[in-house]
Structure formats: C-alpha cells, structure tokens
Amino acid sequence: MAVKKQKTREEIAEAEYNRLVSRYKEANVDEIRLQVNDSLIRKVAELYAILESIKDLPTLYFDKLNPYAQKETAAGKARVKYMAQYTSAMQKLNKEMLGAIASDDDGGLDDYE
C-alpha cells in the first residue's frame, strides 16, 4: 500500500490560489482586476492553507480529573483568529472581484478579537 503524502502548506496555498483564479475567470472577471487583486487572492489562499493545516488539531483540552473543566488549546485560539481573517478577506475579495453587496454590519466579528 502506498502511503499518501500530506501536502505542505505552500502546496495547499498554491492549489487554492489557482482554484480561486480559475473560479474568478469562470465568472468573467477581467484580467486587469485579477492582476490588481493578485496579492489579496494570495493572502486568502494562504489563510485557507493555515486553516487546513490546523483543522485536525484538538481545539479543547479536557482535564482528566475533571472532565467538565475545559481549556481552549493554542490551535483552537488560532483557528478562531484565522477564520475571522479568512472570512473578512474573502468578503473583501468577492466584493472587489464580483461587485458583491457588502453590509456595513461586520457580522459580529468583534467577538474574534
């Protein structure tokens, strides 16, 4: 049996970047707009890769002596932080690329700070 090699964060980011560019091209986004927003597309792809790399890590620690006592792990805190950044960047990117209507309400993202 062949062991499946896990992708590196860079490989995941590159694949996500290519997927996003492809999807925007399918939506008939012009080349100039793609070039202007290239760094934002890359940032969104990097955030996605970070989230993918930590998705299987435990987010809570349970005390063995007291199972009701829980603490959030560093991975859990990071996941919340990166998810908020990813969501915000993706909304901005979609607004720039597709002209999506963005609400002035930030959707309660203050909870993530």
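**Figure 1. Overview of the chain and its contacts.** Of the contacts in the chain between residues at least 6 apart in sequence, 64% join residues at least 24 apart. The model is predicted. Its secondary structure consists of four helices and two strands. Read from the N terminus, the elements follow the order α-α-α-β-β-α. The chain has 113 residues, and 25% of them are buried.

**Figure 2. Helix H1 beside helix H4.** Two packed helices are described by the angle between their axes and the distance between the axes. Here the helices are H1, residues 9-26, and H4, residues 74-98. Their axes come within 12 Å and cross at roughly 30 degrees. Angles under 35 degrees count as roughly parallel, and H1 and H4 are therefore roughly parallel to each other. The crossing of H1 past H4 is right-handed.

**Figure 3. Residues at the contact of H1 with H4.** On the H1 side, the residues are Glu 16, Leu 20 and Tyr 24. They meet Tyr 86, Met 90, Leu 93, Asn 94, Met 97 and Leu 98 in H4. Sorted by class, this contact has seven nonpolar residues, one polar residue and one charged residue.

**Figure 4. Glu 16 and its contacts.** Glu 16 is part of helix H1. Its relative accessibility is 5%, so Glu 16 counts as buried. If neighbours within four places in sequence are left aside, Glu 16 is in contact with Ala 45, Tyr 48 and Tyr 86. Tyr 86 is also among the H4 residues in the contact with H1.

**Figure 5. The aromatic pair of Tyr 48 and Tyr 86.** A search of the whole structure gives one aromatic pair. Tyr 48 and Tyr 86 form this pair, with 6.3 Å from centre to centre and 45 degrees between the planes, and the pair is tilted. Distant parts of the chain are linked in this way: Tyr 48 belongs to helix H3 (residues 38-54) and Tyr 86 to helix H4, and they are 38 residues apart. Tyr 48 has 26% relative accessibility and therefore counts as partly exposed. Tyr 86, with a relative accessible area of 15%, is buried.

Figure 6. Asn 28 is found in the loop between H1 and helix H2 (31-36). Most residues other than glycine have a negative phi. In contrast, the phi of Asn 28 is positive, near 65 degrees. The relative accessibility of Asn 28 is 69%, so this residue counts as exposed.

**Figure 7. Met 83 and Leu 51.** Met 83 is a residue of helix H4. Its relative accessible area is 31%, so Met 83 is partly exposed. Along the chain, Met 83 and Leu 51 are 32 residues apart. Their C-alpha atoms are separated by 7.2 Å.

**Figure 8. Thr 8 and Ser 53.** Thr 8 is placed in the segment before H1. With 34% relative accessibility, Thr 8 counts as partly exposed. Between the C-alpha atoms of Thr 8 and Ser 53 there is a separation of 8.3 Å. In sequence, Thr 8 and Ser 53 are 45 residues apart.

How values were computed. Residues numbered from 1 in each chain as written. Predicted model: local features only at pLDDT ≥ 70, side-chain atom pairs only at ≥ 80, totals over all residues. Heavy atoms only, no water. Axes fitted to C-alpha atoms, helices over the stretch in contact; angles between N-to-C directions. Parallel < 35°, antiparallel > 145°, perpendicular 65-115°, else oblique. Left-handed = near helix turned anticlockwise from the far one by under 90°. Contact = heavy atoms within 4.5 Å. Nonpolar A, V, L, I, M, F, W, Y, C, P; charged D, E, K, R; others polar. Phe/Tyr/Trp six-rings, centres within 6.5 Å; stacked < 30°, edge-to-face > 60°. Buried < 20%, exposed > 50% of the residue type's maximum accessible area, 1.4 Å probe, protein only.
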